[in-house]
Amino acid sequence: MKYAKPLSAICAFALVSCMISGCTGENNSSEGNMTSSQISQTEENSEQLNSETKTGTTAVLTTDTAKLVGRTYLDDDTLWAAFSGAGAEFVYTGKKLEITIVGDNAATAGNADNQARVGIYVDGERVVDDMLDSKEKTYTAFESDEAKSVTVQIIKLSECAMSTFGIKPIKLAEGEKIEPTAAKDLKIEFIGDSITCGYGVDDEDKEHHFKTSTEDVTKAYAYKTAQQLNADYSIVSISGYGVISGYTANGKKVEAQTIPQYYDKLGFSYNRFADSMEVASLEWDFSNYTPDVVVINLGTNDASYAKTNEKKAEFEEGYIEFLKKVRSHNPDAFIFCAYGVMGVDLSTNIRNAIKEYTNQTGDERIQYCRLEMQNEAEDGIAADWHPSAKTHDKCAEQVVAKIKECYLDKE
C-alpha cells in the first residue's frame with residue numbers, strides 16, 4: 001500500500017447462500033448528489049465554477065465538477081461527508097494535484113480511536129491512507145512532469161458516528177481542470193450496521209475492540225458488491241444500530257440507536273460538520289440519488305434485544321414499517337434483505353416481515369438473501385467478532401449473484 005505524505009497540518013456484525021423465489025426487476029437511474037438547500041447555490045455558481053475550472057483557480061466540489069458519492073453536504077464551499085464510503089470522484093487533468101481535507105472536533109480531541117480515516121485513490125491505486133489528526137491536512141495525490149488525466153476518488157473509510165470530514169475546493173494551476181466521472185448504469189444503496197461499515201476488518205483479533213483506524217469500508221461486502229457490478233453506491237450504516245434497538249448487553253431496548261430515524265438524514269455523528277451543524281438535523285434529498293437496488297442488512301443488533309416471542313413480534317412490526325419507509329423514498333427500486341453473517345436468530349422473523357409486508361402492500365419487488373454464519377476456522381475473524389476481509393469477499397460474491405439472478409438477468 002502506498003501512502004502519500006501530508007504536506008501540512010494547519011490546524012464501531014459468512015459463506016453465503018441466498019433464498020430465491022419469484023424474481024423480477026426494473027432498471028432506473030438518476031444523477032446528482034446534493035441536498036435541496038444546495039441546488040439553488042449550485043445553479044447560481046455553475047457558470048462561475050466552470051469558468052474557474054478552465055482558467056485555473058479553485059474548483060468547489062459540486063455536481064458540475066465531480067461525481068458526489070454517498071450523502072454529502074456543501075457548506076461554505078467545503079464538501080462534508082459523514083457516512084462510510086461518502087466522498088467525491090473526478091477526473092483531474094494537470095501536473096500536480098493537492099487535496100485538502102478538514103476535520104471536525106474529533107481530529108483534535110485527543111482520542112485517536114475516533115478520528116476520521118481518509119482514503120484517496122488515483123487510477124484505482126490508494127495513494128493516501130491517513131487518520132485525520134489535525135483540523136486540516138493537505139496531501140499531494142498526484143504529481144507528474146507532464147500534464148495527464150487521472151481518475152481521483154476521495155473516500156471516507158471510517159463511519160459517521162465518531163467523526164466527519166470535509167473536502168475543500170481543489171486548487172488548479174492555469175490550464176488544469178477537474179470534471180465529473182461518468183455515472184454508472186447501475187445504482188445501489190446499502191443500509192446496514194457495523195458489518196456494512198467494515199468494522200475492525202483491518203484487525204483480525206476478535207478480542208480487540210472498536211477503532212476507526214481499523215475500519216475500512218472498501219474491504220466490506222457492500223463496497224465490494226458495487227465494484228463487482230460496476231455500480232455507483234451510497235451507504236447508510238452505523239455500527240451497533242438496528243431496526244428497533246441497538247446492541248444491548250443487558251436486554252434493555254436501546255431506542256436511540258436505530259437506523260430508521262436517520263434514514264432520511266445526512267447521517268448521525270457525535271461531532272458536527274464544520275463544528276457547527278448537527279449532522280442528524282440535515283435532511284437528505286432523495287431526488288439526488290435514485291438507486292435501482294437497495295440492500296438492507298439489519299437485525300444483528302436487534303437480536304441482542306429480541307429474545308422473547310413478544311420482542312420478536314415487535315421486531316417484525318418495526319421491520320415492516322422500515323420497509324415501507326424505504327419503499328416510499330425508492331418507489332422503483334428492487335429491495336434485497338440480507339442477514340445472517342454474525343447470527344441467524346431473527347432470520348425467520350425477517351422472512352415473516354417480508355411476507356407480511358408483501359401481503360399488506362402487494363409489493364413483490366423484494367427478496368430475502370441469507371448470509372451464512374462466518375467461519376473463523378476457514379476465514380479468520382476480525383475485531384469484536386466481526387467479519388474478516390475473506391468473509392466480506394464471500395458475502396459480496398453471493399449478494400452479487402442474488403442481484404444478478406433476481407434483478408439484472410430479468411432485464
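Helices here are DSSP runs of H or I with at least four residues, strands are E runs of at least two, and both are numbered from the N terminus.

The model is predicted: local features need pLDDT of at least 70, side-chain atom pairs count only at pLDDT 80 or more, and totals for chains, interfaces and linings use all residues. Residues are numbered from 1 along each chain as its sequence is written, and side-chain values use heavy atoms, with hydrogens and water left out.

S347 has a relative accessible area of 17%, so S347 counts as buried (under 20%; exposed is over 50%, partly exposed in between; 1.4 Å probe, protein chains only). I then listed contacts (heavy atoms within 4.5 Å). Leaving aside neighbours within four places in sequence, S347 touches Y339 and Y368.

I moved to strand 9 (residues 136-156). Strands pair if DSSP finds at least two bridges between them. Strand 6 (residues 87-103) runs antiparallel to strand 9, with 15 bridges. I noted L97 bridged to F142 of strand 9. Strand 7 (residues 117-122) is also antiparallel to strand 9, through five bridges. There, Y121 has Q153 as its bridge partner.

Last, I read helix 3 (residues 221-228). Six of its eight residues are buried: Y221, A222, Y223, K224, T225 and A226. I found strand 9 among the elements covering them, along with others including strand 14 (231-237) and helix 7 (389-406). Just after helix 3, N230 has a positive phi of about 50°.
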